[in-house]
Amino acid sequence: MSRWPRISSGFVKAMLAGHSALGLAFAALLYLVCISGTIVVFKSEIRQWEQPGAPRVEGEVSDAALANAMREIDVYSKAQGPIHSLSVWAPELGGPWLRARFYADDGGYEQWFADPATGELVLREHAPLAGFLVHLHDDLHLPGPWGRWLVGLMGVAMLSLVISGLLSHPRIFRDAFSLRWGGSKRLQEADLHNRLSVWALPFHLVISFTGAFLGLSFLIVAILAFAAYDGDQAAAIEAVLGPQAGEGTPAADLPDMEAIIADARARGDGQAVRFVSLEHPGEEGQLVGVQIETPDDLVAAEEYFYDGTGTFLRTLGNAKGPAGQQTLSAMGPLHFGVFGGMPVKILYGFLGLASTVVAVGGVTIWLTRRADKGRPAPRWARVWTATVWGTGLGFAAAALGSVMLPVAPALVFAAALAGAFVLAIAFDAFALSRVLRGLTAAILVAAAGAKLAVHPVLPASAWGVTIALVAAALVLALSIRPVRRLVSLRSSVPAE
Amino acid sequence: MSTTDAIAFLACVALMAVGTMALRRALLQRREAGRHWTVLGWAAILTGIGLAAVLSGAERGLALAGVAISLAAIAAVLLGFQRRPERVREREVSAAEPSERTSRWWRGVVRVLLAGPLSGGAAIGVGLAVAVHAPLGEADRLVLGGSLVPLGWAAGMAWTLADDRIVRPGLILIAVGAAGFAFSAV
């Protein structure tokens, strides 16, 4: 196997300089997006852990129950103010429940669990930990579109890092399987960084590209609309997302949802319903969308649109339509790993961890390089250690808080992360890392124990989360044994 | 995950594991001696991809194969883990070094502008031109043009941050962006 391709050392040095500068500039945000994304793969399981008593669906939900859930959420939402849309989620899309949701015109929303047999709303969803994690990954809890755009920019930066990382790696094949541990700390970290980067390359490319696209999609559509549709953003959205609800006076009745669902199911070869939406309910321009499963496709569902009178309009084409439409519809499933059930989610979890390790390792390489050159940066090492392990501590504290405290997980997370930075004043990087890992392990065990104390009977998926918490605690506890010093920051950063 | 998907996935992981282990063996041997392992490795990997595509459909199969090869290869790397004694430290520090640049604040600001707004603007210009004029269906043009924005932006970002010069990349990005916007407006 020949060395690919022969690249001049000057080019490699320049690429490495750019790679290093970009990685360092966005290191903390990239780490936060990677680790939160890894956890968010299991958001459905975390929701089940938070509300184990929610009514679960056994078997298929009838069209009548789906239609009734839509009527119930319509009646309930009318008392909450002007409503933008209603939706009903069948099982398997986000969890084993029948759920109904309304979005208000002001952006607020509520989600309810419905009785799978009747469609009656029975329990309001309350999953603050899952909500916190999803928002952290989607928009970093920043207001308006800014957070989503910033996360989209992180996707662009990650994609750029993949490109510059590949181009600065002339021994990509020769070193393809090298993982040298011990000896030079810098070589060890570089080996780990490079092997995880190269071999998880398909995953890194897909995640960064789809993340960038999804994060920046509204900005891109707005610009495309300006240029290609004379500023008509609705026309641009309709071209790729299908028919849009029209503005209208609230004079119309709800369409016959049961008949619409039955018609869509018939058009979809009798497959199961995944999702039903009603935009601008009760207005003359109201629009119904019904997603019917297409088991052999990546997107796993085709969407059928109906107007306010129940007349069929067209399909979106996300399963059988033009290539562009299918590509667009596949971005979500590819990004979130929801195209192959639990095995693919577990693999996405492992590969997400690989991305996280790559993000952390980039900074560690920079720290060891400085130390090797006689310019150690112990303060930066402490800041980075507090960021990395403080984030883990924050997640653990948020999980425990979601069981025991009536406080928003974001506040608990922020407090724990701030605490990690306070501890960074007292400890060097090596000790800080051990202290934070130990604290995180203890809190993870406490969170698992507290959940079992409150809900001794858990569904299988919630047990999975509990076991994952204990397993993570065990790994962290084992990692702080003295024998693991080899992998700590100590050898990279001399004591202050 | 259906039973067919599960079988396809397990078979795919197994073939990927065989393929990556064979490639690893090829790299450990001399060029001639390792050739048959190279052939076996790539054959197993391509068979795994093909099998996944046949059993789970092209879209899902390729996605499953992408995940499977990463998993199998990382496992192969971890199996090849070598623990080194501390004494080799000095001899082995031969990792590539990034170029040293003059660190003037204004060059940093210009680089941020090149990697951010200018690369992004050029990518949007190209994306717009494709979205408006590519000889494809409406949805295809729009999605292709939209997809080129993050790809082009990322490529521009990598280039401008790596190039030691700042004037030439700036001029090229401005020219590309302006041409894209102008063409899309025609």
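Helices (H or I, at least four residues) and strands (E, at least two) are DSSP runs, numbered from the N terminus. With that in hand, welcome to a predicted model, in which local features need pLDDT of at least 70, side-chain atom pairs count only at pLDDT 80 or more, and totals for chains, interfaces and linings use all residues. Residues are numbered from 1 along each chain as its sequence is written, while chains are lettered from A and ligands numbered from 1 in the order in which they are written.

**Confidence in chain A**
- The average pLDDT (the predictor's confidence in each residue, from 0 to 100) of chain A is 89, and 95% of its residues score at least 70.
- Residues 483-496 of chain A stay under 50 in pLDDT, and the model has 30 contacts beyond four places in sequence for them; a contact here means that the C-beta atoms of two residues, placed from the backbone, lie within 7 Å.
- Where pLDDT is low, the predicted coordinates should not be read in detail.

**Where the chains meet**
- Chain A brings 70 residues into contact with 69 residues of chain B.
- On the side of chain A that touches chain B, α8(A) gives the largest share, 12 residues.
- That side of chain A has 49 nonpolar, 14 polar and 7 charged residues, where Ala, Val, Leu, Ile, Met, Phe, Trp, Tyr, Cys and Pro count as nonpolar, Asp, Glu, Lys and Arg as charged, and the others, Gly among them, as polar.

**Transmembrane annotation**
- An unreviewed UniProt entry lists several "transmembrane region" spans for chain A, including 21-42 and 407-427; positions follow the numbering used here, feature names are shortened, and annotations may be inferred rather than shown by experiment.
- Residues 21-42 of chain A are 86% helix and 0% strand, with end C-alpha atoms 32 Å apart.
- For chain B, the unreviewed UniProt entry includes 142-162 and 169-185 among its "transmembrane region" spans.
- Residues 142-162 of chain B are 100% helix and 0% strand, their end C-alpha atoms lying 30 Å apart.
- Residues 169-185 of chain B are also 100% helix and 0% strand, with 24 Å between the end C-alpha atoms.

**Domains of chain B**
- Chain B is assigned domain 1 (3-79) and domain 2 (105-185), with bounds that come from an automatic or database domain assignment.
- Taken over C-alpha atoms, the centres of domain 1 and domain 2 of chain B are 36 Å apart.
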